[in-house]
Amino acid sequence: MTYPLRKSFLAASVSLAALFSAQSLAAQEAVFVIGTAEVGAPTYNPIKATMLNTATALLFDRMVSQAADLSYHPWLAESWEEAADGMSWTFKLKQGITFHNGEPFTADTVKAWIELFKTTEGENAYMAEAIASVEVVDPTTVKFVMSRPEPNLLYNLSSTFMSVIEPKSFAALGDNFGVTEVYGTGPYKLESFAVGQETVLVRNEDYKWGPAVAANAGPAKVERLTFREIPEDSTAFLELKTGGVDFLLSVPADLMGEVQKEANLAVLTMAGQDVWYMPINVTKAPFDDIRVREAAAKAINQDEILASVFGGVGAVADTFLISALPESKVSDGARIKFDPDRSNALLDEAGWAMGEGGVRMKDGQPLKVTLWTQSDSIFRRLTEVVQAQLKAVGIEAEITTFDSSMIRDQYKTGEQQLAVRSYNWDNADIVDWFFGGDRLGYPNVSMFNDPKAEELRTAAMTGAKNMEERIANFTAYHDYVLTQFPMAPIYQPVQAMAYNADRISLPATINAPSFGTAAFMDLEVKE
Amino acid sequence: MLPWLIKRLLMLVPVFLAVSVVIFSILHFIPGDPIDNLLKIGSSPEARAEMEVRYGLDKPLAVQYSIWLGNVVQGDLGTAIVARRPVADLIAQALPHSLRLGGLALLFSTVVGVLLGVVAALNRDRWPDRAIMGGVLVGSTMPSFWLGLILILVFSVSLGWFPVSGARGWQSLVLPVLTIGLGGTALVARITRVSMIEAAGRDFVTLLHAKGLSPLRIQLGHVLRHALIPVVTILALRIGWILGGAVTVEVVFARPGLGTLLIKSLSQHDYPVVQACLLMLAMAVMLGTLLGDIMQALMDPRVRAALS
């Protein structure tokens, strides 16, 4: 009596299990957690947005793609040519491309898009500022007529902010474009978007025009992608650990150890786009004396910080730019490296004699300065090490911690002396942003305003006719800024991600500067 | 009753005005403004000035306040500066999540709290009373974010019963509801117990005993009914509290809602959104208090008589 019943139970549970597993096999979906820095991006409107998350790169394509070595490769544009004088660029477009709403992508689309880009109010228009007009040569050829040479054009065209949108729906939808509906040509279409919560994407089955840097031109291999926004790193890690999600797009340094303890989890690292540094306010005594600035900068032991604070993951920084950029190749003398003997000699020379308790004195005053940092734990840890290193040459730094969301406003007071901070950018124009004389306080935390630097800055920003010239001008500008010691470079992290290796299989190499379209095209869910 | 109610409602107006002034000014005294979050690397100082004009941030604070208040009174919460959407849309998206979470937590703390309170009162000074009151003390002193993390570690990470975070399905509601609800349970249990013990000493109870009613019937049918008046008042007061308490819990569990919206907008200095969220929370407290008063009036014949 009981036997058949048990048997039928068994049969039922087996078929139930089969049903569930069949479903999960067919579903072919993966859940990603967006990095905390990108949480709360309010829209997928690339023209208007000031913050875009990783999913943006899957909804839209761009004219050109960028490889891991930062070189440029075809995407929507098959090829391009720059006029010898830099005053025009001609792009040959791929054929047979359609947007998610069925509209074709042609030379007219590019013209309409660039015009929208230049005229839509927002913060991004500067990226197309040097394009005077767009001429449609034939349906697959466009010519950008320039108001001045812009060697940085390809960089701008490879940025997610210059994702190609469908111009008709963009005009029709207004502020709803990017929120309720999104139309690009990308490998995934938007299924749903709840701001600050999650975005669900479904595969674009027609997609076959992937970026040249991806092995797979399309369609993508995973059917459905969910991007969750979890503001707490520890919560995100627990989700990964318990199988609630498959992939964390950003793992903070302090959770790396926890990830490595789990057998089914794996860490993926890519070259970083961040630089950690110590701005030095050049207007505040004693740092109005360049010798004291140099002494403070050369007191920073980058190797020790890399080993003790960051567990040897990443690289030391000895210029203001990430090493992948050609403009980081400054002269050897301009590189800022740990040199305690030089620091001590300079401080002696500047009249700061070593006093009692290891703090230098001048005219009865101790060499005491303030050192600002933000509340995140990694910043506090690093700042304490910096404080100890400064103490080693006789500079006593008092740490003040500000909430991360407030610190920019504190910088605007100009009261800072030293600070520890970081930035994320992969173009040399960041030197202009942080050291331009018209942005004192924030972003120019160093309050650096130097006539020669301003001259070099103008040449770098708008004076170059081609890429070689731009690189040369920016290298010269960067080199000069370094020799004035408005900051001390500290550290270049890697981009660290974590994923469930039982579920996700990654391509052997990801030929892109960050985990974006190319990586998602080649990514697979294990069956 | 009606004149009393009207008077009570009119009294909310000055309270509302005072709250609105505080909300508006506190926010603007925090250093910084939302424009920083709109500026991108590469934008010029002129772009910044232009934006200040566009969002009215260049006007004196008093003028900004009167414009804002005028719009709010007309039901226009404005447009989010950073999120670039009508604030009403953002609130409409977030509020149902918070109401669901808060409502369930309130329900949980009421049912479980009253039950525990009754059991404790009936077993006064015996071990069930001591156990319940001890548990309640622990429960009421635990900060909700910490309790939330402990619940995640036990029920999600170790046992794997519920998801760690998110808002998918009923399973994802269990731990957040428990996190918010447990604190309320402690409060309700304590008040139920105290007012039951107090009511049990009243003359009418002696009379009921004299009439020969069974002790259990007296306790549940008469004493409890009497004892529930302060409990209901406290519960109404907690409506606002619970929405406020949801702020941290929503962040811990990465759930959508008013709290997540508030925290995000606060870090971006998105004034219109923060103002609207705070106003919602303040209104919840104000209306909860009003509701408490009304309920008390309806349930207590003496108060009802005094009003009419």
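Of the 308 residues in chain B, 38% are buried, where buried is defined as 20 or more other C-beta atoms within 10 Å of the residue's own, exposed as 12 or fewer, and partly exposed as in between, with C-beta atoms placed from the backbone. The model is predicted: local features need pLDDT of at least 70, side-chain atom pairs count only at pLDDT 80 or more, and totals for chains, interfaces and linings use all residues. Residues are numbered from 1 along each chain as its sequence is written, while chains are lettered from A and ligands numbered from 1 in the order in which they are written.

**Confidence**
- The predictor assigns the complex an ipTM of 0.72 and a pTM of 0.80.
- Chain B has a mean pLDDT (the predictor's confidence in each residue, from 0 to 100) of 83, with 95% of its residues at 70 or more.
- Within chain B, helix α2 (residues 35–38) has the lowest confidence, a mean of 68, and helix α5 (residues 87–122) the highest, at 89.

**Fold of chain B**
- Chain B contains 13 helices and 0 strands; helices (H or I, at least four residues) and strands (E, at least two) are DSSP runs, numbered from the N terminus.
- Along the principal axes, the C-alpha atoms of chain B fill a box of roughly 85 × 55 × 30 Å.
- Among contacts in chain B with a separation of 6 or more, 74% are between residues 24 or more positions apart; a contact requires C-beta atoms, placed from the backbone, to lie within 7 Å.

**Domains of chain B**
- Chain B is split into domain 1 (15–73) and domain 2 (96–307), with bounds that come from an automatic or database domain assignment.
- The centres of domain 1 and domain 2 of chain B, taken over C-alpha atoms, are 37 Å apart.
- Their contact involves 11 residues from domain 1 of chain B and 10 residues from domain 2 of chain B.
- Helix α1 (residues 2–29) of chain B supplies 6 residues, the largest share of the domain 1 side.
- That domain 1 side consists of 7 nonpolar, 3 polar and 1 charged residues; Ala, Val, Leu, Ile, Met, Phe, Trp, Tyr, Cys and Pro count as nonpolar, Asp, Glu, Lys and Arg as charged, and the others, Gly among them, as polar.

**Helix α8 of chain B**
- The 30 residues of helix α8 (residues 171–200) of chain B should span 44 Å at 1.5 Å a residue, which agrees with the 41 Å between its end C-alpha atoms; the expected span is 1.5 Å times one less than the number of residues.
- At G181(B), α8(B) bends by about 35°, the bend being the angle between axes fitted to the seven residues ending there and the seven starting there.
- Because 23 of its 30 residues are buried, α8(B) is largely enclosed by the rest of the structure.

**Interface between chains A and B**
- Contacts link 31 residues of chain B to 34 residues of chain A.
- On the chain B side, the elements giving two or more residues are α2, α3 (45–54), α7 (144–158), α10 (215–252) and α11 (258–267).
- This side of chain B has 16 nonpolar, 10 polar and 5 charged residues.

**Backbone details**
- A cis peptide bond, with omega about 5°, joins A285(A) and P286(A).
- The peptide bond from Y442(A) to P443(A) is also cis, with omega near 0°.
- D363(A), not a glycine, has a positive phi of about 50° and is exposed, with 6 other C-beta atoms within 10 Å.
- A254(B), not a glycine, has a positive phi of about 50°; A254(B) lies in the loop between α10 and α11 of chain B and is buried, with 25 other C-beta atoms within 10 Å.

Conventions. Two residues are in contact if their C-beta atoms, placed from the backbone, lie within 7 Å.
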